[in-house]
Amino acid sequence: MQAETKSRVEQLTSPAGHDVAVLRFEGDIASTSKDAVLGAYQSIPKQSIKIVLLDFSKVDYINSSGIALVIQLLIEASNAGQKVFAFGLSPHFTKVFTMVGITKYAGLFPSQAEALAAL
Amino acid sequence: MSETKSTPVTKSTTVEVRLPSRLGYEKVAMSTASAVAKLMGFREDRVEDLKTAVAEACINAMEHGNRLNEGLCVGVVLSAGPDRLEVKVIDDGRGIRKQPATPDIDRKMHGEENPRGLGMFLIQALVDEAEWVPGSEGKSSYVRLVIRLDKEQD
């Protein structure tokens, strides 16, 4: 019933010259998404990549269990000295992420271009 | 659906859905609540609030009330009135004994609080009223949500 979560990691360079990993999600993000969220994040090299972008532009549904996985990702990234930013959230999930306090630990941007430009 | 003209509700209209206690089926309740709210004329942002609140209430009912026992159903009763939509989500659990503390992102980030435990907070934050009612004899507990139709949104 839940749309399977797909994820993939791309590496690119920001206009300012930072190496950035972009973790792109597709589908629902719920309790069944642990491998797609945390597993995919853990494949990003922690020594060489210090900036991680989360792409939610193809995600329609995120529930509280999915948000908890994002928080776990933020904890792991913080412990690894990485900064996390996110883009592509709908206005509703932008509001939800803000309510929960995620914006204190991950900057939110409307698009990838705006996120990269701000780095 | 977005171009459907809203129909004023002059008397209470009730829609009921029964879901298996299987994660993912909360989306059936979300879709139903969304359809009813749109027919009533709710703004899109309020429909999204309602969908998330209903989803979280159903997930809580499946996980905590019915303990994911697929032999038990979660009942969702939507009652549309002239200026508000009430949603009851009913399970076979005993209900909650006390409200959990408001989640604290700093405590979560520092490992002092479980990253989970956001559902009830989101429900309360997204609807106008939320009430958890324990069932008599430890069964048929429900959460009652109310979202009001803003008269200025017409």
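This is a predicted model: local features need pLDDT of at least 70, side-chain atom pairs count only at pLDDT 80 or more; totals for chains, interfaces and linings use all residues.

Guide: Happy to! Two strands count as paired if DSSP finds at least two bridges between them. Five strands make up an open sheet here, in the order β1-β2-β3-β4-β5 of chain A, and their pairing is mixed. At the edges stand β1 (6-13) and β5 (106-109) of chain A; each has a single partner strand, so one side of each is left without a neighbour in the sheet. From one strand to the next, the twist averages 25°.

Now let us zoom in on one pair. Strand β4 (residues 83-87) of chain A runs parallel to β5(A), and four bridges join the two. In general, the strands of a sheet pair through backbone hydrogen bonds, either parallel or antiparallel. In this pair you can find A:Phe87 standing opposite A:Phe109, which belongs to β5(A).

Next, look for the helix that goes with these strands. Helix α2 (residues 64-79) of chain A lies across β2 (19-29), β3 (51-62), β4 and β5 of chain A. The angle between α2(A) and β3(A) is about 175°.

Finally, step back to see where chain A meets its neighbour. In chain A, 26 residues are in contact with 26 residues of chain B. Between them the two chains bury about 2,200 Å², 67% of it on carbon and sulfur atoms. On the chain B side, B:Lys27, B:Ile105 and B:Met109 lose the most area to chain A, together 28% of what that side buries. B:Lys27 also meets A:Asp28 in a salt bridge between their side chains, at 2.5 Å from N to O.

Terms used. Residues are numbered from 1 along each chain as its sequence is written. Chains are lettered from A and ligands numbered from 1 in the order in which they are written. Side-chain values use heavy atoms; hydrogens and water are left out. Contact means heavy atoms within 4.5 Å. Buried area is the accessible area (1.4 Å probe) that two parts lose on being put together, summed over both. A salt bridge is a side-chain nitrogen of Lys or Arg within 4 Å of a carboxyl oxygen of Asp or Glu. Axes are lines fitted to C-alpha atoms, for helices over the stretch in contact, and angles run from 0 to 180 degrees between N-to-C directions.
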